[in-house]
Amino acid sequence: MHDNNEILVLPGDGIGAEVVPVAVEVMKQVAKRFGVAVSFSEALVGGVAIDQTGSPLPEETLTKALSARALLLGAVGGPAWDELPTLERPERGLLGLRSGLSLFANLRPALLFAPLAEASSLKPELVAGLDILIVRELTGGIYFGEPRGVEMRNNERCGFNTYVYAEHEIERIARVAFELAQKRGHRLCSVDKANVLEVTQLWREVVTSVAPDYPDVALSHMYVDNAGMQLVREPKQFDVMVTGNMFGDILSDVAAMLTGSLGMLPSASLAADGRGLYEPVHGTAPDIAGQDKANPLATILSVAMMFRYSLDAPDAADAIEQAVDRVLESGFRTGDIVGRGILAGQTLIGTRAMGEQVLAQIDQLESAS
Ligand code: NAD
């Protein structure tokens with residue numbers, strides 16, 4: 001357990017301001033139950049920060065973020081700020097936090113709660129019980145490599161980017177993935193394109209070279225095109241997958257959709273010392289913002305990840321996930337996870353009511369233990 005469990009709460013824009021307070025309530029109750037000392041402060045990021053301070057990431061927010069153990073973020077952006085130049089947009093706030101805190105490991109679980117198996121686009125038997133963790137390198141690779149740009153060559157415009165990884169960048173993300181595999185199913189699949197790209201030949205070499213330090217993890221390698229196919233053909237063959245920034249961007253969205261709804265997907269971005277930024281995968285959903293319709297479960301499940309990865313409290317994380325499972329089992333659904341319509345035994349509820357159901361289930365877990 002850490003001395004400084006300061007949690008910085010960043011609701012952001014749109015439905016972020018609705019789902020984050022619900023998740024904070026869940027966090028407070030679970031922290032109390034499991035004796036995890038946490039304190040909270042709040043700050044501005046994204047569009048709301050632009051409106052109030054002129055910057056998507058005010059100095060004060062970054063300072064607070066740098067001293068926090070973990071950050072809980074809603075989402076940023078929306079039509080009100082769409083016309084701003086790229087460097088002034090709400091998303092810059094998020095990118096600034098990622099780089100300011102050196103959050104190089106992005107964890108995207110694709111976990112299908114059994115009561116939602118029908119909501120997947122794949123056959124229920126292919127996805128029931130699905131539990132994959134994709135570990136994506138977040139601060140390097142082709143998204144950041146130099147040189148980059150568009151320039152005139154032979155009388156026409158040429159666009160170019162650089163796909164580059166240094167050994168230390170590959171090694172540190174590989175170690176994160178191996179350690180996660182040790183805590184889960186002990187299988188790690190590294191995804192590359194080593195048949196074509198030298199940079200990923202190095203990736204494969206470095207990942208293989210650290211494997212002996214984790215003898216209890218079975219390492220395999222897969223080309224990214226095959227990995228895409230296997231994710232939709234037989235997704236349950238995977239436990240932990242590790243890959244670079246661009247392949248991870250694509251594969252994590254493919255894996256996410258196996259589970260049905262954006263409203264269910266949490267994520268974590270970790271620094272080397274275990275500090276982290278936790279946020280739902282979804283955006284600000286302007287189409288339903290302010291209507292108490294947003295599904296808060298992705299944010300609540302992000303809090304579970306925070307307990308697991310930044311607060312050393314895996315029991316608290318398990319309790320939240322179990323409570324969510326029971327709420328779904330009891331038939332409660334927000335609009336995004338009703339599938340083809342409300343079935344017998346199901347009840348359509350809003351953001352706040354969903355939070356109350358999770359709190360009630362946590363109460364029941366408490367009295368059962
Ligand atoms: P979105 O994720 O906000 O919404 C896509 C669709 O999914 C919408 O129909 C929305 O109603 C629904 N949805 C999303 N989350 C939901 C939830 N929790 N419960 C119920 N339904 C949910 O993506 P978008 O529409 O492409 O983007 C909207 C804004 O959000 C844009 O400004 C975009 O830049 C921003 N965005 C921010 C982030 C982030 O902060 N990490 C991520 C993606 C998009």
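Leaving aside its neighbours within four places in sequence, which residues is Glu279 in contact with? Here are some notes on this predicted model, starting from that residue.

1. **Glu279 and its surroundings.** Beyond the four places on either side in sequence, Glu279 touches Leu73, Gly74, Leu94, Arg98, Pro266, Ser267 and Ser302. Glu279 belongs to strand S12, which covers residues 276-280. Its relative accessibility is 7%, so Glu279 counts as buried, the limit being under 20%.

2. **The Glu279 salt bridge.** One name in that contact list deserves a second look. Arg98 and Glu279 join their side chains in a salt bridge, with 3.8 Å from N to O. Because Arg98 sits in helix H4 (residues 91-100) and Glu279 in strand S12, the pair ties together parts that are 181 residues apart in sequence. Arg98 is partly exposed, at a relative accessible area of 23%, while Glu279 is buried.

3. Strands S8 (residues 187-192) and S10 (residues 240-243) pair in the parallel sense over three bridges, and Cys189 has Met241 in S10 as its bridge partner.

4. **Two domains.** The chain is divided into domain 1 (1-109 + 264-369) and domain 2 (131-258). Their C-alpha centres lie 26 Å apart, and the contact takes 11 residues from domain 1 and 15 residues from domain 2. About 1,200 Å² is buried between the domains, with carbon and sulfur atoms giving 65% of that area. On the domain 1 side, Phe104, Asn106 and Arg108 lose the most area to domain 2, together 55% of what that side buries.

5. **Arg108 and Asp253.** How many salt bridges are counted between domain 1 and domain 2? The count is one. Arg108 forms a salt bridge with Asp253, and the closest N and O atoms are 2.9 Å apart. Asp253 lies in helix H9 and Arg108 in strand S4, so this pair ties together parts that are 145 residues apart in sequence. Asp253 counts as partly exposed at 42% relative accessibility, whereas Arg108 counts as buried at 10%.

6. **Other salt bridges.** The count for the model comes to 17 salt bridges. Among them is Asp225 with Lys193, whose closest N and O atoms are 3.1 Å apart. Asp225 lies in helix H8 (residues 224-233) and Lys193 in the loop between S8 and helix H7 (198-210), so the pair ties together parts that are 32 residues apart in sequence. Asp225 is partly exposed at 44% relative accessibility, and Lys193 counts as buried at 19%. Salt bridges that share partners also join Asp82, Arg89 and Glu91 into one network.

7. **A hairpin to look at.** Strands S6 (residues 149-153) and S7 (residues 156-160) run antiparallel and are joined by five bridges, with Gly149 opposite Phe160 in S7. Two residues lie between the strands of this hairpin, and Asn154 takes a positive phi near 50°.

Technical notes: Residues are numbered from 1 along each chain as its sequence is written. This is a predicted model: local features need pLDDT of at least 70, side-chain atom pairs count only at pLDDT 80 or more; totals for chains, interfaces and linings use all residues. Side-chain values use heavy atoms; hydrogens and water are left out. Helices (H or I, at least four residues) and strands (E, at least two) are DSSP runs, numbered from the N terminus. Buried means under 20% relative accessible area, exposed over 50%, partly exposed in between (1.4 Å probe, protein chains only). Contact means heavy atoms within 4.5 Å. Two strands pair if DSSP finds at least two bridges between them. Domain bounds come from an automatic or database domain assignment. Buried area is the accessible area (1.4 Å probe) that two parts lose on being put together, summed over both. A salt bridge is a side-chain nitrogen of Lys or Arg within 4 Å of a carboxyl oxygen of Asp or Glu.
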